[in-house]
Amino acid sequence: GNNHSLLLGKNGIVYGYGNNKYGQLGLGTKNDRIVDVATVNSLTDIVYVIAGTDYSLVLDKEGHVYEFGLKDDQTN
């Protein structure tokens, strides 16, 4: 992302750190993190992560996609 990062552990758990102004770390809060923490503890078996500008997407092995952070549906 612009100011946040996601890490995918071999255990299928996502870890994140950095800016969390829009909740893009998936922690249920908007507190920034300077060290990596497990994001959305209830999600497991994640196989792919994307850190966008102010949002994050994760895909689990069943094909479910989860989104966290800024949702801007406007186009210019």
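The exercises below, with worked solutions, concern a predicted model.

**Exercise 1.** Determine which partners the side chain of Asp 60 has, given that Asp 60 is buried yet has no salt bridge.

*Solution.* Begin with position: Asp 60 belongs to strand E5, which spans residues 55–60. Next, consider charge. The nearest side chain of opposite charge is that of Lys 61, at 9.0 Å; a salt bridge requires a distance within 4 Å. Then turn to the backbone. A polar atom of the Asp 60 side chain lies 3.0 Å from the backbone nitrogen of Glu 62, and the side chain also reaches the backbone nitrogen of His 64 at 2.8 Å. Finally, list the surroundings: with residues up to four places away in sequence set aside, Asp 60 touches Thr 44, Asp 45, Ile 46, Val 47 and Tyr 66.

**Exercise 2.** Classify Gly 26 as buried or exposed, and identify its contacts beyond four places in sequence.

*Solution.* First, locate the residue: Gly 26 sits in the loop that joins strand E2 (14–18) to strand E3 (33–38). Its relative accessibility is 11%, so Gly 26 counts as buried, the cut-off being under 20%. Beyond four places in sequence, Gly 26 is in contact with Asn 20, Thr 39, Val 40 and Phe 68. For Phe 68, 42 residues away along the chain, the C-alpha separation from Gly 26 is 5.4 Å.

**Exercise 3.** State how many cavities of 30 Å³ or more are counted, and describe the largest cavity.

*Solution.* The count is one cavity of 30 Å³ or more. The largest cavity holds about 40 Å³ of space. Its lining residues include Thr 39, Val 40 and Phe 68, which are also among the contacts of Gly 26. Others in the lining include Leu 6, Val 14 and Gln 24.

Methods: Residues numbered from 1 in each chain as written. Predicted model: local features only at pLDDT ≥ 70, side-chain atom pairs only at ≥ 80, totals over all residues. Heavy atoms only, no water. Helix = DSSP H or I, 4+ residues; strand = E, 2+ residues; numbered from the N terminus. Buried < 20%, exposed > 50% of the residue type's maximum accessible area, 1.4 Å probe, protein only. Lys, Arg positive; Asp, Glu negative; His and termini not counted. Polar contact = N/O pair within 3.5 Å; in protein donor to acceptor, adjacent residues only side chain to side chain. Contact = heavy atoms within 4.5 Å. 1 Å grid on protein atoms, 1.4 Å probe; cavity = no way out; pocket = protein on both sides within 12 Å on 5 of 7 lines; lining within 4 Å. Points joined across faces, edges and corners; volume = space filled by probe spheres on them.
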